[in-house]
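The following report sets out the computed features of a predicted model. It is arranged by region, with each term defined where it is used.

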Amino acid sequence: MILTKVFANVDEINDLELYHIETCLVKSDDLTKRILRVTSDHGNDYGIRLDDDSEGLENGSAFKIGPKRLVVLSVLPDEVIKIVPEDIDDMGVLAHLLGNLHKPVQVENGQITLLFDPVVVKTLDQRQTKYTVEKAQLTEPLRYVDLTNGK
């Protein structure tokens with residue numbers, strides 16, 4: 001079965017207990033793909049090919065496969081580096097540093113998150129920047145900055 005439209009995110013479905021749910025585990029970078037093959041916890045194979053280019057996949061994306069049946073994507077936890085800059089100057093320097101390393105990051109609530117990379121760790125250690133390494137389930141894929149404005 002080819003799934004072409006995201007029904008909703010499971011966090012937005014109020015009567016979720018009324019649905020039979022099959023879960024498909026995916027890697028966070030799979031969320032950036034337009035075409036994807038997944039296998040559910042029930043052993044069923046599905047293809048995902050989104051019709052709408054503006055639509056994206058995220059942790060919890062749900063596809064309706066029947067009147068009360070859903071296929072839900074669940075992102076496997078990634079090992080990530082989390083950095084909380086000390087001030088706006090530190091944020092600027094870190095943004096410049098991580099940009100030079102060409103690493104996709106997520107900035108949210110004053111915290112920078114990126115996938116674990118030993119080169120980044122070594123760079124942060126040399127700069128004596130405080131950070132943590134932990135397993136985290138990313139809700140959205142880390143993306144490179146699009147400087148083309150979609151052109």
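Strands β9 (106-108) and β10 (111-115) each supply at least two residues of the lining of the largest pocket. Strands here are DSSP runs of E with at least two residues, helices are runs of H or I with at least four, and both are numbered from the N terminus. A pocket is an open set of points on a 1 Å grid over the protein atoms alone, with protein on both sides within 12 Å along at least five of seven lines; a 1.4 Å probe is used, and lining residues have an atom within 4 Å of a point. Rolling a probe the size of a water molecule over the atoms shows where empty space is left. The largest pocket has a volume of about 150 Å³, a volume being the space filled by probe spheres set on grid points joined across faces, edges and corners. Its lining includes Lys82, Gln106, Glu108, Gln111 and Leu138. By class, two lining residues are nonpolar, six polar and two charged. In this scheme Ala, Val, Leu, Ile, Met, Phe, Trp, Tyr, Cys and Pro are nonpolar, Asp, Glu, Lys and Arg are charged, and the others, Gly among them, are polar.

The model is predicted: local features need pLDDT of at least 70, side-chain atom pairs count only at pLDDT 80 or more, and totals for chains, interfaces and linings use all residues. Residues are numbered from 1 along each chain as its sequence is written, and side-chain values use heavy atoms, with hydrogens and water left out.

The protein contains two helices and eleven strands, in the order β-β-β-β-β-β-β-β-α-β-β-α-β along the sequence. Its C-alpha trace spans about 55 × 35 × 25 Å along the principal axes. Of the 151 residues, 40% count as buried, where buried means under 20% relative accessible area, exposed over 50%, and partly exposed in between (1.4 Å probe, protein chains only).

| Strands | Sense | Bridges |
|---|---|---|
| β3 (residues 20-26) and β7 | parallel | seven |
| β6 (residues 61-66) and β7 | antiparallel | four |
| β8 and β11 (residues 131-136) | antiparallel | six |
| β8 and β10 | antiparallel | four |

Strand β7 (residues 69-75) is mostly covered, with six of its seven residues buried. Within β7, Val71 stands opposite Glu22, and Leu70 faces Lys64. β6 and β7 form a hairpin with two residues between them. Strand β8 (residues 78-83) is likewise mostly covered, as five of its six residues are buried. Asp78 has Ala136 of β11 as its bridge partner, while Ile81 stands opposite Leu114 in β10.

Ser28 is buried because its relative accessible area is 5%. Leaving aside residues up to four places away in sequence, Ser28 touches Val75, Asp78, Leu115, Leu138 and Pro141, a contact being heavy atoms within 4.5 Å.

Val119 belongs to helix α2 (residues 118-127). Its relative accessibility is 48%, so Val119 counts as partly exposed.

Technical notes
Two strands pair if DSSP finds at least two bridges between them.
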